[in-house]
Amino acid sequence: MVIKIKKNKLLQNFIKALFDENTSDEIAKKLAESFIKANKLAIQRHNRYGGKIKVRDDWRAPQPHDFLKVRKAGEDVWVNKTLELVDMSKMIDQTTGFAFTAETLRIALSDVYKTISTQGFNKLKPGEFGRTSLANKRVDHRFLIFKNADSWLEYQKLFGKDDNILNLINDHLQSLTRDTALMKALGPDPDRGHLWLKQTIKKKAAEDAVKEAQGKFGRKTLRKLRTEEERAETIYGGGFFESGIDNLYLLHKNQLNKPSDQAWAKGFASLRNLITSSYLGSASIVALTDFNWQRMTNQFNGLPAFKSSRRTLDLFYEGLVKGDKTLSKVAIRSGLIAESWTTMAHQQTRFFLESNGAELAQRLSDSVITLSGLSGQTQAGRWGFGMELMGFFADNAGKTFKELDSNFQRGLKRYGITEGEWEIARQTKLYDAGIDDPKVIGKGVVFLRPDDIRTRTDIPEFQAEDLATKFYDFLKTETEYAVPSVSAKGRAWMLGAAKPGTFTGELILSAAMFKQFPITLMFTHVARGLKQSGFPGKFRYLGDLAITGAMYGAFTMEVREITKGRNPTPLSYIQENPGEYFLRALITGGGLGLFGDYFITDHNRYGKTLAETLAGPQMQFISDLIGIPKNALYKAIRGEDTNITGDTLKFIKRNTPGASLWYLRLIWERVIMDTVARMVDDDFDSKNSRMINNYLKNTQQEYWWEPGEILPTKSPSIF
């Protein structure tokens, strides 16, 4: 309750600051000042590439409408309430150029109501190509001008979406910049640009197919079974390990996988959030492999191999352990994003595909991910790598392009930064973090920030922006390699055009759950390895990936075993089964630890077959829940003893939110659940004996804290 009050208070003070009203909240003032600057820059760039946003001094803040709330209120209620809250004297009728009267404004608001409640489909004319070009999307975006902060807040409470101020700002700027990027790439009407691109691909493929049939054209590729026309189909429609430009385009438009049935989609999304809060309490242990991905990314780009890892540990220790936010502030001031401060942290924790369930379910999953340390660990990794890369830019600013490390030269060229552009960029004034924070004065915390390139006035504005964009692209893309989280290509490939809320869509979403991270690795490091020139280059990169991935995977695998009350796998077993152990470690390092169990048995650690695991946690949850009464009924019909209480306890033990947190798991399982199970389940001791014997038989592992023990009688044994 305290958090809720504080959050709402910040929102209120932020809006007051935007409306130039008095507030003593310095954080809100700074936040408002930063938002105004960022929004102004975003609008300038949007209009530069074809947008038509009208800059108004009396516009204060984005006003996201919840079309369901607006629709439920009805036109009369919405119009009457909005009339009370807006400043009619500042609202100009674009058809006349004069201020609205009460009557004309009511007519205009009636039209706005229809637009919001129908999500813009009231303006659609059947047979037209689309509703409107992206350039015109925000022409009427700032129509409502509220009287003051209280009026804005009241509208937000009645008809708005989210009261998390960071989400509000992020969603607005993300939507605006996403549309800007689409227009920059595909023109003011991206839908038409995308169609033109597809038609161009088809045309070129048809022309090449004719030459191919005549023996005048042959593509150098390992996949010779496809014709040029078939290859074109996979380019824009998707194929095996190909996302397809159609799906990627819909993803970038934020339209991929929009629910077909809102109620069912929200229900299943809530279930996925609940499962996440129950299963991913130890995900931060698996994410320790990030240090290996950082090492590989650093080496590939010519950076010191482990320097960013040390910076990551400093950020994590000082920020989360000591509570010192100095380095975090430096990271943000250097232009890096504070992703973990908003719910977009869900999208950065590498195991999610979406998080649009009920608020309680979202809060449960977000809380568990935060308490497990995964959000902070991921944020520290992304900040640590980003800071070191910008620091590396600064360290090399005194060198000409030819004096740079060859790998770094190759990295610059990969992002379109030429020798001449490097000469321009390295003349940029470096940012010394000691200027803003006395704690780092004289510590050499100096960066070459892309934003400092953008604000230079000694070169043409378009050149400054273009060069800054290339450096930021370098920074952002390589961060995705260093700390793999979400791959647009992987997401589009995995889900395709599946619609949440449909039977097929929910099956795919269940099967895809917790598999985003390994798919991201496929579209980042594995794809990068395959692109290296020649067999030696491919072997060197992919060999490093496999060997070190397995080493880090083995480490995380054994750490997780300790947190589950078992000793690490004995060296004797590893020596007897090196191939099986290596494959298990490699799969674990790639984020698919459950599948590693199938190398030693036909069931995983939860007693599930490979087919059940492939179906995904969501289908497993439903199957387990239905299985409780089904198994009891089946045994009763056969005249066998039922154990519905024991099965129910097993289900609760596995599916309780927070129960998988790595530092609480054994307390929950041994002290609480085992105590209850011993009292009500007659088969409790025999089940535990079978479990202990199975691990001893399959992997020679012993328990240091055996099931059924209130307190451990042994200490974890490393050897």
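Leaving aside neighbours within four places in sequence, which residues is Glu 465 in contact with? Select Glu 465 and look: the partners are Arg 45, Arg 48, Tyr 49 and Arg 454, where contact means heavy atoms within 4.5 Å. Glu 465 sits in helix α21 (residues 461-482); helices are DSSP runs of H or I, at least four residues, numbered from the N terminus. Glu 465 is buried, at 7% relative accessible area (buried is under 20%, with a 1.4 Å probe and protein chains only).

This is a predicted model: local features need pLDDT of at least 70, side-chain atom pairs count only at pLDDT 80 or more, and totals for chains, interfaces and linings use all residues. Residues are numbered from 1 along each chain as its sequence is written, and side-chain values use heavy atoms, without hydrogens and water.

Next, select Trp 78. Beyond its neighbours within four places in sequence, Trp 78 touches Val 70, Leu 109, Val 112, Tyr 113, Ile 116, Leu 144, Tyr 155 and Phe 159.

Now widen to the largest nonpolar core, which has 42 residues. Such a core is a set of buried Ala, Val, Leu, Ile, Met, Phe, Trp, Tyr and Cys residues joined through side-chain atoms within 4.5 Å. Those with the most contacts inside it include Trp 78, Phe 14 and Phe 143. Colour α5 (102-117): this helix gives the largest share, 6 residues. Apart from this core lies another, of 37 residues, among them Leu 303, Ala 331, Phe 392 and Val 440.

Last stop: show α10 (residues 245-252) and α22 (residues 488-495). Asn 247, Leu 248, Leu 251 and His 252 in α10 meet Ala 488, Lys 489, Arg 491 and Ala 492 in α22.

Conventions:
Axes are lines fitted to C-alpha atoms, for helices over the stretch in contact, and angles run from 0 to 180 degrees between N-to-C directions. Helices (H or I, at least four residues) and strands (E, at least two) are DSSP runs, numbered from the N terminus. Buried means under 20% relative accessible area, exposed over 50%, partly exposed in between (1.4 Å probe, protein chains only).
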